[in-house]
Amino acid sequence: FMLLFYHMIRLLAKIFFGTKNLNYKDYSNSNVRHIYGILCSGLAIFLNLILFVAKWLIGHFSLSIAIVSDGFNNLSDAAACMISVAGFYFSKKKADSKHPFGYGRLEYINALVISILILFTGFSLGKTSIDRIFHPEEVEFNFIWSIVLGLSILVKIYMAIFYKVYAKRINSKALAASGTDSFLDIISTAVVLISGIIGYFFGINIDGFVGLAVSAFIVYSGINSLRDTTKPLLGEQISLEVANEIEKLILSHSEVLGIHDLLVHDYGPKRKMLSIHVEIDGKTSLFYAHEIVDAIERELFMKFEMESVLHIDPIFPEDERTRELKAVIEKIVKSIDTNLSIHDFRVSSLRCVQFDTDNQKMNWQNRDEYLRLSFDVLITDDVSKKFDDKTLQKMICDEVRNVRPDCVCNIKFDRGIL
């Protein structure tokens with residue numbers, strides 16, 4: 001049975017990909033992942049509808065609320081799969097004037113909807129189970145429906161494996177969420193089956209209690225799924241492994257002396273944008289610096305399939321004054337918290353106009369010379385718990401004023417940026 005459906009989906013994939021002249025094993029291709037997403041969801045709709053009908057009939061005639069609830073869980077799964085089909089279809093739409101970054105995030109929204117449906121199913125089953133605890137009904141057990149439930153578990157095991165495999169291959173959060181849902185169905189159906197066997201052999205009606213336990217597990221898993229699917233919608237940092245690969249590629253250009261402020265904006269699978277600051281010697285001509293970053297942007301797209309925007313930060317590594325002042329600031333920052341670090345350090349001259357308090361006007365004749373120290377401070381989560389930005393800025397500026405009265409600070413705070 002499992003092999004039949006496995007070969008069926010592969011056959012359908014080959015037919016679809018053959019008509020479009022696509023390689024069905026090229027999972028990185030956006031058209032290929034689009035078709036696999038629709039095929040997986042379509043197969044799941046068919047299987048879930050069969051399971052719903054079978055469980056509803058068995059639950060109706062055996063008076064088991066747990067089985068009926070399990071059946072309606074499959075019906076909600078079928079509805080979620082229909083949403084998945086729509087999500088994969090519309091997320092493939094090309095960018096337009098109203099949505100210049102395309103519709104890729106619809107797939108993340110689709111995963112979010114599936115997570116909400118999981119929660120709804122859990123709460124609904126919990127409500128019904130509580131009612132059955134206070135108003136129990138005798139459950140009629142027979143081996144026919146135990147066999148059907150057993151087959152249902154096998155189908156869901158197949159679906160869970162199928163979802164997880166293709167979710168990984170095409171990097172789909174929607175299929176991953178559906179895989180989690182299928183795993184929950186395995187647990188819930190198995191528990192229902194066990195409760196029926198216990199009731200039959202030991203005469204103990206635990207139908208309502210089992211339903212409540214299953215609903216609690218579903219709600220817990222739904223919350224975890226909801227948390228995972230909201231991450232790309234809220235915005236999350238890329239993995240350290242990928243960040244290191246990006247850094248290695250950029251620093252392979254000898255003209256680049258350092259990088260910071262690496263950010264990735266996720267607009268859906270295969271639709272990510274990268275922004276990063278690169279440090280280049282200030283003596284380099286603007287034209288040549290532009291040629292360097294332009295070449296890097298092309299390389300980043302070829303390797304990571306990300307559009308990128310590189311910001312040039314001119315630095316003067318051979319300037320003695322800059323090195324000296326940077327060392328002073330690094331020492332001050334580390335004295336406040338060892339987890340703090342600075343980057344994008346620059347020194348510029350500044351002439352500040354004095355305010356004549358006696359005449360209540362600006363004295364443009366007397367102007368003091370200052371050095372403006374501009375730099376970014378990278379703040380970790382641990383530091384954020386200790387200090388707010390205003391307090392931290394005051395601490396740094398006060399300490400700088402004590403050590404170097406001729407300097408003023410221009411500070412920018414960064415968080416969660418590699």
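The mean pLDDT of the chain is 80, and 87% of its residues reach 70 or more. Where pLDDT is low, predicted coordinates should not be read in detail.

The largest nonpolar core comprises 31 residues. Within this core, M159, Y166 and L175 have the most contacts. Two or more residues each come from α2 (30-62), α3 (65-91), α4 (106-134), α5 (143-170), α6 (173-202) and α7 (207-234). When neighbours within four places in sequence are left aside, the residues in contact with Y166 are Y27, Y36, C40, N171 and L175. Another core, of 24 residues, lies apart from the largest one; its members include L325, L371, F375 and C409. In soluble globular proteins, nonpolar side chains tend to be buried together.

On the α6 side, the contact is made by K173, A177, F183, L184, I187, S188, V191, V192 and S195. On the α7 side, V210, V214, F217, I218, S221, S225, T229 and P232 take part.

A search of the whole structure finds zero disulfides. A disulfide is a covalent bond between the sulfur atoms of two cysteines. For C397, the closest cysteine sulfur is that of C409, at 4.3 Å. This is too far for a bond, because the cut-off for a disulfide is a pair of sulfur atoms within 2.5 Å. C407 is likewise in no disulfide; its nearest cysteine sulfur, also that of C409, is 7.4 Å away. C397 counts as buried, with a relative accessibility of 14%, and C407 also counts as buried, at 5%.

Y370 lies in strand β5 (residues 361-379). With a relative accessible area of 24%, Y370 is partly exposed, since the buried class is limited to values under 20% and the exposed class to values over 50%. Y370 and D406 are 36 residues apart along the chain, yet their C-alpha atoms are separated by 5.1 Å.

Definitions and conventions
Residues are numbered from 1 along each chain as its sequence is written. Side-chain values use heavy atoms; hydrogens and water are left out. pLDDT is the predictor's confidence in each residue, from 0 to 100. A nonpolar core is a set of buried Ala, Val, Leu, Ile, Met, Phe, Trp, Tyr and Cys residues joined through side-chain atoms within 4.5 Å. Buried means under 20% relative accessible area, exposed over 50%, partly exposed in between (1.4 Å probe, protein chains only). Helices (H or I, at least four residues) and strands (E, at least two) are DSSP runs, numbered from the N terminus. Contact means heavy atoms within 4.5 Å.
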